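I opened the file to look up a few points and kept notes as I went. The entries follow in the order in which I took them.

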Amino acid sequence: MGLNTRLNAVAFEAIYIPVKLDEKKIRALFDRISDSHGIKSFGKMPDGAIVMQGGEESNQSKYIIMKDRAVVSFEQCANSLNYYISLIDDFFDQFIKETGISLCVASTATIRRTGTIPGEADSREYILRKAFGMSDKRLGPFKRPLHIFGTRIFFPPLPDDPSSYDIKIENAFEDVRMLFIENKGVFAAPFDIKADRARLTKTVELTDKFIEEKIADFILQFKAEGMQ
């Protein structure tokens, strides 16, 4: 059995050459997407960044537009990854129409998932004992119980793959039975969103695929070793 995960958060960031923001154009963008994206508020930060937000308990959305980047993020996700990719894609379609900005020098995608390890009732104990081989004696110097345990792993870009991945794996804060995984993919290669829209989708999909395949295999190998 594979790792059982549930999508928790999605974010995409387009980084571009700094420009002077035209608030009228950003307000026009807000008017374009407020109904279809469920965006309810429009605000301006002290540094000039524009923040648009929406959502209730689930599907909380935040769109931030700065002079050098635009970030679209969703928390407490209740839908499939494809649903959020379509919203991100539509946002940048409207963003390009209003601002004329389409050339990105880099992009990032962040995916957070929670889940369970088949047959394991406590992900904290799994990470502590099976993955890291921690004993009570090794944890003794702390002289107090711990609630969260995990690791961070960074994979730099390769000559034939300009993407890098920054991984966090730990037990969930709210429920130690659950596993929390975050992957931030950084894609340093420039691209034009308008001319190569598929690159946007691929960036998000590759970041998620790294969790569902590479990280899942990494985590589950310790379960297999424990059964030998």
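This is a predicted model: local features need pLDDT of at least 70, side-chain atom pairs count only at pLDDT 80 or more; totals for chains, interfaces and linings use all residues.

Glutamine 76 has a relative accessible area of 37%, so I put it down as partly exposed. I found glutamine 76 in the loop between β5 (69-75) and α2. Its phi is near 50°, a positive value in a residue other than glycine. Most residues other than glycine have a negative phi, and that was my reason for noting the angle.

I then turned to asparagine 59, which is not a glycine and has a positive phi of about 55°. Asparagine 59 lies in the loop between β3 and β4.

Next I looked up the chain as a whole. I noted 5 helices and 11 strands in the protein chain. The C-alpha trace spans about 60 × 40 × 35 Å along its principal axes. Of the 228 residues in the chain, 43% are buried. I also looked at contacts between residues at least 6 apart in sequence: 62% of these join residues at least 24 apart.

Helix α1 came next. Which residues of α1 (residues 23-33) are buried? I listed Ile26, Leu29, Phe30 and Ile33. Viewed down the axis of α1, these buried residues fall within an arc of 105°, so they line one face of the helix. In an α-helix there are 3.6 residues a turn, so residues three or four places apart point the same way. On the other side of α1 I found Lys24 and Asp31 exposed. The cover over the buried residues of α1 includes β2 (39-44), β3 (50-54), β4 (60-65) and α2 (81-99).

From there I went to the largest nonpolar core, which has 56 residues. Met52, Phe91 and Phe92 are those with the most contacts inside this core. I followed up phenylalanine 91, leaving aside its neighbours within four places in sequence.

Threonine 114 sits in strand β7 (residues 106-116). Is threonine 114 buried or exposed? Its relative accessibility is 17%, and buried means under 20%, so threonine 114 counts as buried. Not counting residues up to four places away in sequence, threonine 114 touches Asn4, Thr5, Arg6, Met178, Leu179 and Phe180.

Glutamate 170 belongs to strand β9 (residues 163-171). With a relative accessible area of 25%, glutamate 170 is partly exposed. Its contacts, with neighbours within four places in sequence left aside, are Ile127, Ile148, Phe149, Gly150, Leu179 and Phe180. I also noted a C-alpha separation of 8.0 Å between glutamate 170 and serine 123, which are 47 residues apart along the chain.

Last, I looked for cavities. The count came to 1 cavity of 30 Å³ or more. The largest cavity holds about 70 Å³ of space. Its lining consists of Tyr126, Ile127, Ala131, Phe132, Gly150, Thr151, Ile169, Phe218, Ile219 and Phe222. Which elements each supply at least two residues of this lining? I wrote down α3 (123-131), β8 (150-155) and α5 (197-226). The lining residues divide into 8 nonpolar, 2 polar and no charged. Ile127 and Gly150, both in the lining, are also among the contacts of glutamate 170.

Terms used: Residues are numbered from 1 along each chain as its sequence is written. Side-chain values use heavy atoms; hydrogens and water are left out. On a 1 Å grid over the protein atoms alone, a cavity is a set of points where a 1.4 Å probe fits but cannot get out, and a pocket is an open set with protein on both sides within 12 Å along at least five of seven lines; lining residues have an atom within 4 Å of a point. Grid points are joined across faces, edges and corners, and a volume is the space filled by probe spheres set on the points. Helices (H or I, at least four residues) and strands (E, at least two) are DSSP runs, numbered from the N terminus. Ala, Val, Leu, Ile, Met, Phe, Trp, Tyr, Cys and Pro count as nonpolar, Asp, Glu, Lys and Arg as charged, and the others, Gly among them, as polar. A nonpolar core is a set of buried Ala, Val, Leu, Ile, Met, Phe, Trp, Tyr and Cys residues joined through side-chain atoms within 4.5 Å. Buried means under 20% relative accessible area, exposed over 50%, partly exposed in between (1.4 Å probe, protein chains only). Contact means heavy atoms within 4.5 Å. The arc is that of the directions from the helix axis to the C-beta atoms.
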